[in-house]
Amino acid sequence: MATLRAFFWILVACFLAIEAQAKPIGVSYGRVADNLPSPTEVIAMYKKYNIGKLRLYQPDADVLNALKCSGIEVIVGTLNADLASLAEGIGPAQDWVDANLKPYYPEVNIKYLVAGNEVVPGDLAGYVAQAIGNLQRVLLSYNMNILVTTAVPLNILGSSYPPSSGAFSDSTKANMVSILQVLNNNQAPLVIHPYPYFAYAADPVHIKLDYAQFASPSPVVTDGTLKYQNMFDAMVDAFYAAMEREGFSNLGVIVGETGWPNAGNGEITTPQLAQTYNKNFVNKILAGIGTPKRPHCPLDGYIFAMFNENQKAAGVEQHWGLFNPDQTPVYPLF
């Protein structure tokens with residue numbers, strides 16, 4: 001009885017921490033590096049800088065244990081390599097949840113499970129909808145209040161300009177419709193990765209830097225009655241338009257990644273430019289401002305990423321971090 005009472009009060013303390021410390025901005029915790037602080041130190045950094053949400057790309061016992069009773073809201077991902085197994089049936093999905101989520105929930109405030117990261121388009125895309133469905137059924141059977149979704153890049157869209165023309169490409173449409181049907185049934189949002197940086201880097205002559213960085217003093221794009229002052233909003237609304245085109249007008253999105261590299265591509269990747277983009281993104285999220293298409297739908301958003309990661313490919317891939325591995329900020333943000 002004493003043990004049960006102690007466990008009860010541990011859970012109460014966890015829920016109070018979650019309620020008291022929850023913040024609306026998130027940062028992805030990428031770990032492709034060999035020189036990062038320990039998970040305990042990293043979670044202390046999230047709390048120090050009032051970062052209330054964390055995205056973890058795959059389950060990690062050390063990280064999840066460090067997150068217990070932290071009050072931080074968590075998105076956990078599966079490995080892409082696990083999708084085929086998870087799509088096979090309830091058994092493999094139950095084994096996965098038993099091993100990777102059940103030991104930590106609800107002491108870790110896991111809100112979403114992302115089944116597959118940017119596998120559409122690709123060879124694994126056909127497994128995603130079934131994997132989501134199997135995992136969601138297991139979680140419901142365990143009374144675990146976690147929604148299952150997947151994460152997709154902008155290139156699933158065959159058309160994105162102007163935003164109202166947003167449509168899935170021929171190679172992604174069938175898989176995306178299957179995925180959206182499952183998400184719609186479960187009332188789960190789609191995780192999207194809009195990156196104005198990549199559009200600007202590909203065409204800096206025709207795309208204005210201030211438009212890519214939330215810094216334009218006036219609208220740059222007019223699409224019917226809607227006016228766009230920044231490219232981020234235009235990208236998100238293109239996703240909305242693509243979903244609506246397939247009949248999913250009530251589905252929401254989570255911005256699972258966005259950001260600006262602080263080095264790696266000359267004068268368009270400096271700490272100052274990264275600071276400007278990410279600061280303006282934070283201000284948008286904190287203000288609860290939606291997009292021109294859905295102005296009354298505040299976005300849930302995550303900056304990529306917490307650290308510069310030295311084991312990623314050379315160039316911009318190593319320079320998305322808000323912090324250096326020694327825990328010093330690359331530039332002031334929070």
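**Backbone and aromatic rings**

Modeller: Trp260 is buried, and Tyr277 is buried too; buried means under 20% relative accessible area, exposed over 50%, and partly exposed in between, with a 1.4 Å probe and protein chains only. This is a predicted model, where local features need pLDDT of at least 70, side-chain atom pairs count only at pLDDT 80 or more, and totals for chains, interfaces and linings use all residues. Residues are numbered from 1 along each chain as its sequence is written, and side-chain values use heavy atoms, with hydrogens and water left out.

Biologist: Which class does the pair of Trp260 and Tyr277 belong to: stacked, edge-to-face or tilted?

Modeller: Rings of Phe, Tyr and Trp (its six-membered ring) pair if their centres lie within 6.5 Å; planes under 30 degrees apart count as stacked, over 60 as edge-to-face and the rest as tilted. The centres of Trp260 and Tyr277 are 5.7 Å apart and their planes stand at 35°, so the pair is tilted.

Biologist: Where in the chain do Trp260 and Tyr277 sit, and how many residues apart are they?

Modeller: Helices (H or I, at least four residues) and strands (E, at least two) are DSSP runs, numbered from the N terminus. Trp260 is in the loop between strand E11 (253-255) and helix H11 (271-287), while Tyr277 is in helix H11. The pair links distant parts of the chain, and the separation is 17 residues.

Biologist: How many aromatic pairs does the structure hold?

Modeller: One of the pairs is Tyr195 with Phe198, which is edge-to-face at 5.4 Å centre to centre and 70° between the planes. Tyr195 is buried at 9% relative accessible area, whereas Phe198 is partly exposed at 40%. The number of aromatic pairs in the structure is 15.

Biologist: Which residue lies over the face of Tyr142?

Modeller: A charge sits over a ring if NZ of Lys or CZ of Arg is within 6 Å of the ring centre and within 35 degrees of the ring normal. Over Tyr142, at 3.9 Å from the ring centre, lies Lys102.

Biologist: Is the peptide bond from Tyr105 to Pro106 cis or trans?

Modeller: Most peptide bonds are trans. Pro106 is in the loop between helix H5 (90-100) and strand E4 (109-117). With omega near 10°, the bond from Tyr105 to Pro106 is cis.

Biologist: What is the phi of Asn143 near?

Modeller: Most residues other than glycine have a negative phi. Asn143 is in the loop between helix H6 (128-141) and strand E5 (147-153), and is exposed at 71% relative accessible area. Asn143 has a positive phi, near 55°.
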